[in-house]
Amino acid sequence: MSSSASALVSFYRALTRHRLFALLNIGGLALGIAVFLLLFLYVRFETGYDRFLPDADKLYIVQERYFTPGYRKEANPYTMGAFLDHLHGDYPDVKGTRYWEQNATIHQGSNVTDEHLTVVDPNFFTLFRLPAISGDPTKVLGDPDTAVVTERIARKYFGTVPAIGRTLTITIDGKTFTYRVGAVIADLPDDFSFSADIFIPLVRARFANEWFDHWGSTSLATFLLFPDAAAAKAFEGELARFAERHVFPDGNIKKGQWQQSLRPLVDNHLYDPADRSAVTTLGIVGLLTLLIAIVNYVNLATARAGLRAREVAIRKVLGGTRTALLRQFMLEATATVALAALIGLAIAELALPLVNAAGGMSLAIRYAGPESILWPLVLMVVVVGGVAGIYPALVLTRFRPAAVLASARAPGGGRAGARLRAALVVGQFAIAIAFGISTVTMLAQAAHVRAADLGFRRDGLFILSKYAWVDEDQQPGVLRAYAALPGVTAVTSAQNAPGDQMMTNTSNIYRAGLDESRGRSTMDVVVGDAYFPTVGARLIAGRLFDTAHPADDTALRQKGSKAPYNVVINRTAAANLGFASPAAAIGQSLAGNGTMTIIGVVDDLRFRGPREPVASVEYRYSSKPFGSPYGMVRYTGDPAAFRDIAEATWKRVAPAVPFAGRTVEENLYQRYYKTDKQRANLFTIGAVLAVLIGCIGLYGLAAFDTARRIKEIGIRKTLGASTQDVLRLLIGQFMRPVVLANIVAWPVAFVAMRRWLGGFDDRIALSPLFFVAVALVAAAIAAATVFAQAWRVARAEPARALRYE
Amino acid sequence: MIQLQDVSRTYASDEVETTALGGIDLHVEGGEFVAIMGPSGCGKSTLLNILGTIDRPSGGRYVFEGEDIARAPEAELAKLRRDRLGFVFQSFNLIDELTIAENVALGLAYRSMPAREKKDRIAAAMDRVGIAHRQRHHPHQLSGGQQQRAAIARAIVGEPRLILADEPTGNLDTANGAQVMEILQQLNAEGATIVMVTHSPAHADIAKRTVHMLDGRILASARLAA
């Protein structure tokens, strides 16, 4: 038998002879690897957005940042509609293209459906080289009546018949056009930042609106193509000079308040720091879980080193060199990891649908192609095998044959080995406890977000999302139809709804008589009849809009009138504008968007997510239809039943517009809570499994340690120790690392969770209770893990233990 | 002090039932020094383990100081061992991870008494067997004789009424063996009852009575003329 064959035989024997250890070792590793693989897929997906495009790293989005008090500081990736046209005036050679999503409905006879449609420059597909199925998308958009569609659209509207040359009747913003399909492209992948299915050429005469040449407006995405990052960087300087020449002289935006810069397309998906840190965190969870599993391997392998000392000694006596033995044990570690990796892969495959459901993803494990899991897996086996194998191999091969063979007893890993094991267990538990505290905090915050007071009544409120698509003269009729439904108590329309806002107008508003520079960026929201009663807002000072006061209704104003009109502001606006109390604001005048008189202050309505602070808002009332409205209906009874009634009613009164509507709870969840919830789900799954793997390791270590101490326990019992004394000794020994782990984990979890909660404007306090509860649970889990082992030996007859050698 | 009546001990494995002890009757008075002799495997150690309550008889009665403890609950037996018994083993059974002083202290670890008194008694026990100067060492750093004396210190630190010694000199050379026997003799003279398993006729002679065993039974009990 060759030496490597005999090494394999002893590996196999070591596995089968100590089944429990093999099971714990390989099982723990496999679970760790499964968690790691799934989170690896997730991180790769999230960080790989848009990279499938051939020129992904050459494309940049023009982003704009405002520097005005009270306005959000984050750069937004939109520009004025005609920005690229103006830019080409000065820089004719710059390659760029635009992407402008539109509300569109497709008509097929009497059937109306809505699709994701975007207006793009004809050169769009030369910059975004999306794979074509038929036709040439780079050429056909020169014709203003030609569309490029995805395969999904082609199949949906034309079935198996070739789509090229067929027509689609499309209504955009109330105007209807006929487009001929010029090319079909493959469906867009999930990891593309944009999700349009129909692309039509940007024709200025057809789509430009009043804002198209208005500096400071943010209508569409403008992309520029540069050969490399240095060229892009250099061009940012040109953008600043361009603004000096054209933007600031225009007078709409002041110098120092506005800046354009370039955002690499590949950074776009995780541009928000909250998103980036969430993805990083989940990546760290994957790595740490794998680390816990590696620690298990090292612990169990070194703990059991003594049991194999004799084999090492004999091999050395027979002429085995230390190098050969090192190779044997490293090979064993790698073989173990490889076996665990295969099982881990199987677990990952089985768990993938569940994880996809919990995380709202559509990850897939691929075995072929550039995204094949096999190479990362092989790399991981080699790295983990090396990391996990090296220390046990060094310990095992260090045994001196004479000493081992002469001694009746098997040597342990030594004092240093025991100390290392203790340190590793502390490390494992620290990670587990920090995970635990984080999980509890995230779940508590998620629960808070779902139940918190948002300043309005979130139950029983239904949003008609496509109310704006209904012709203005028909809008009041739609609301009347809903008001007439049984169970409906109030209806309204407004430019914002919980979770929805198409148009955001902000102006610098200041108190009349004070300097303009003392103003705050304030959002202007036009509301219809009964807005505040319908949403359930709380009036905290003054009064609400009332049709009895003509100055309340901006629809009654003459165009160009300088007369003051009445507004209701929110609590934040009252504070930001410097009023001592909400009541002090009543009757005061504001300037910055005409002259306004404050008639009421309402409590803050948190219509956006928990992460965003509530903005200063000034509400004005219009009895006539206005731009970009949503319909809202307050109803009583079952939400699902009402949804059906709402849809049936819509089809009756607004058949030309596809129905879209949902409850406020659903809308807020989809818009703002879902991502955090899904990430919390993934984190929880990772954390629970990390704790489980840690427990597997602890169980193995306890089993080993208890077996090693059977004789000692026999002696103690002979000296009069009771079963409880022994249990206390054995369990207490494993409590020490748990206590130490808490000391390590608490500050880490505290800092991490404070930062995480810092990302929320509406957040819970970081309660000490979370820490104490998790520490107690960790102690209980550790005690329970060790208990089964300790109970068995503590109960055994001492005479039997003393015979044990 | 001790009364065994028809005590038996059988070990059952999957295939066979082995009888280690069958129908043992033994009476030990307080203050006696009894040696048990017999060939390997005759049940000496099993008998000693049963006397020490670290093994349970399969049948029969075991009366210790007037109380039948053959089926007493484990907690009660632990208390009995703690307060009234001392053990000395052939292989010393010291705990490697603990120092000599800590090993001796184990003899009092499960009793509640003032820390001061514990300390004094531990020091006295180590003095008594001449091991005090090695108290900070670990067992493996000591010779066999020193280890056994440490084990005796651990056995007597609790001032037991009955000392059970299982071949206490079995792993020792003649000189060390003699030293250990001397200590046991002194303890007996001071009033401790001793039951000792031995292979050495010379050491058996030091006891006041010798019990001979064969195949799990007592052959004869010979009392030495005083």
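Gly31(B) comes out as partly exposed, with 15 other C-beta atoms within 10 Å (buried takes 20 or more other C-beta atoms within 10 Å of a residue's own, exposed 12 or fewer, and partly exposed falls in between, with C-beta atoms placed from the backbone). This is a predicted model, in which local features need pLDDT of at least 70 and side-chain atom pairs count only at pLDDT 80 or more, while totals for chains, interfaces and linings use all residues. Residues are numbered from 1 along each chain as its sequence is written, and chains are lettered from A and ligands numbered from 1 in the order in which they are written.

Back to Gly31(B): this glycine sits in the loop between strand 2 and strand 3 (33-37) of chain B. (Helices, H or I of at least four residues, and strands, E of at least two, are DSSP runs numbered from the N terminus.) Leaving aside residues up to four places away in sequence, Gly31(B) touches Gly191(B) and Thr193(B), where a contact puts two C-beta atoms, placed from the backbone, within 7 Å. Arg161(B) is 130 residues away along the chain, yet its C-alpha and that of Gly31(B) are separated by 8.5 Å.

Now for chain B as a whole. The C-alpha trace spans about 45 × 40 × 40 Å along its principal axes. A compact globule of 226 residues would have a radius of gyration near 17 Å, and chain B agrees, with 17 Å; the radius is taken over C-alpha atoms, and the globule rule is 2.2 Å times the number of residues to the power 0.38. Of the 226 residues, 45% are buried. Among contacts in chain B with a separation of 6 or more, 69% come from residues 24 or more positions apart.

Four strands of chain B make an open, antiparallel sheet in the order 2-1-4-5. Strand 2 (17-28) and strand 5 (67-68) of chain B are the edges, each pairing on one side only. Pairing here takes at least two bridges between two strands, as found by DSSP. Inside the sheet, strand 1 (residues 2-12) and strand 4 (residues 59-64) of chain B are antiparallel partners over five bridges, and Ser8(B) stands opposite Gly59(B) in strand 4.

After helix 4 comes Gly130(B), with a positive phi near 70 degrees.

Helix 5 of chain B is mostly covered, with twelve of its 13 residues buried. Those buried residues include Gln147(B), Arg149(B), Ile152(B) and Arg154(B). Their cover includes strand 6 (85-88), helix 3, helix 4, strand 7 (162-166) and helix 6 (174-189) of chain B. From first C-alpha to last, helix 5 reaches 18 Å, close to the 18 Å expected at 1.5 Å a residue.

In chain A, strand 2 (residues 95-108) has several antiparallel partners. Ten bridges join this strand to strand 3 (residues 111-120) of chain A, with Gln102(A) opposite Leu117(A). The two strands form a hairpin with two residues between them, and Gly109(A) in the turn has a positive phi of about 65 degrees. Strand 2 of chain A is also joined to strand 9 (residues 221-225) by five bridges, with Gly96(A) opposite Leu224(A). Four bridges join strand 2 of chain A to strand 6 (residues 167-172) of chain A, where Ile106(A) stands opposite Ile170(A).

Finally, the chains meet: 15 residues of chain A are in contact with 17 residues of chain B. On the chain A side, helix 21 (710-718), helix 22 (723-758) and helix 24 (798-803) each supply at least two residues. Helix 21 of chain A gives the most, with five residues.

Definitions and conventions: Expected span 1.5 Å × (residues − 1).
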